[in-house]
Amino acid sequence: MNRARIIGVATSVVKHESLIGQKMLVAQPVTNDGVTPEGNPQIVYDNLGAGVGDLVLITSDGSYTGSQIIGTRLTPARWGVVGIIDSKKKETETSE
């Protein structure tokens with residue numbers, strides 16, 4: 001799983017039949033700080049309600065994306081949103 005920031009919405013006139021009606025977003029993978037880009041943007045499929053600006057967890061596990069998000073493993077979809085990060089908290093070490 002990777003952290004990513006949703007930077008846009010994708011649309012397609014022609015697509016595989018398994019993707020008809022699916023929500024496609026553009027996700028920019030980011031480093032742990034949630035801001036610094038890391039790698040190329042990816043088209044991700046979402047059924048959790050993520051929107052532009054959200055920090056999310058994405059997976060490249062095509063079998064998860066197909067079966068859990070699209071509803072069929074017979075799909076070319078690879079990337080999917082598996083969580084929306086509401087907040088992040090840095091753990092600090094305490095010394096005694």
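Helices (H or I, at least four residues) and strands (E, at least two) are DSSP runs, numbered from the N terminus. The structure shown here is a predicted model, in which local features need a pLDDT of at least 70 and side-chain atom pairs count only at pLDDT 80 or more, while totals for chains, interfaces and linings use all residues. Residues are numbered from 1 along each chain as its sequence is written, and side-chain values use heavy atoms, with hydrogens and water left out.

With those terms in hand, the protein chain can be described as having one helix and five strands, which follow one another along the sequence in the pattern β-β-β-β-α-β. Its C-alpha trace spans about 60 × 25 × 20 Å along the principal axes. Of the 96 residues in the protein chain, 33% are buried, where buried means under 20% relative accessible area, exposed means over 50%, and partly exposed lies in between (1.4 Å probe, protein chains only).

The interior can be approached through its nonpolar cores, a core being a set of buried Ala, Val, Leu, Ile, Met, Phe, Trp, Tyr and Cys residues joined through side-chain atoms within 4.5 Å. The largest nonpolar core has 10 residues in all, including Ile 6, Leu 25, Val 56, Trp 79 and Val 81, and at least two residues of this core come from each of strand 1 (2-10), strand 2 (23-29) and strand 4 (55-59). Another core, of eight residues, lies apart from it, and among its members are Ala 10, Leu 19, Val 26 and Ile 69. If neighbours within four places in sequence are left aside, Val 81 is in contact (heavy atoms within 4.5 Å) with residues including Val 44, Val 56, Ile 58 and Ile 69.

Two further residues show how surroundings can be read. Gln 28 is found in strand 2 and counts as buried because its relative accessibility is 11%. A polar atom of the Gln 28 side chain lies 2.8 Å from the backbone oxygen of Gly 39, and the contacts of Gln 28, again leaving aside neighbours within four places in sequence, include Arg 3, Ile 7, Pro 37 and Asn 40.

Leu 74, in turn, lies in the loop between helix 1 (62-70) and strand 5 (80-84), and Leu 74 counts as exposed because its relative accessibility is 70%. Not counting residues up to four places away in sequence, Leu 74 touches His 16 and Ser 18, whereas the C-alpha atoms of Leu 74 and Val 52, which are 22 residues apart along the chain, are separated by 28 Å.

Note on methods. A polar contact is a pair of N or O atoms within 3.5 Å; within protein, one must be able to donate a hydrogen and the other to accept it, and residues adjacent in sequence count only if both atoms are side-chain atoms.
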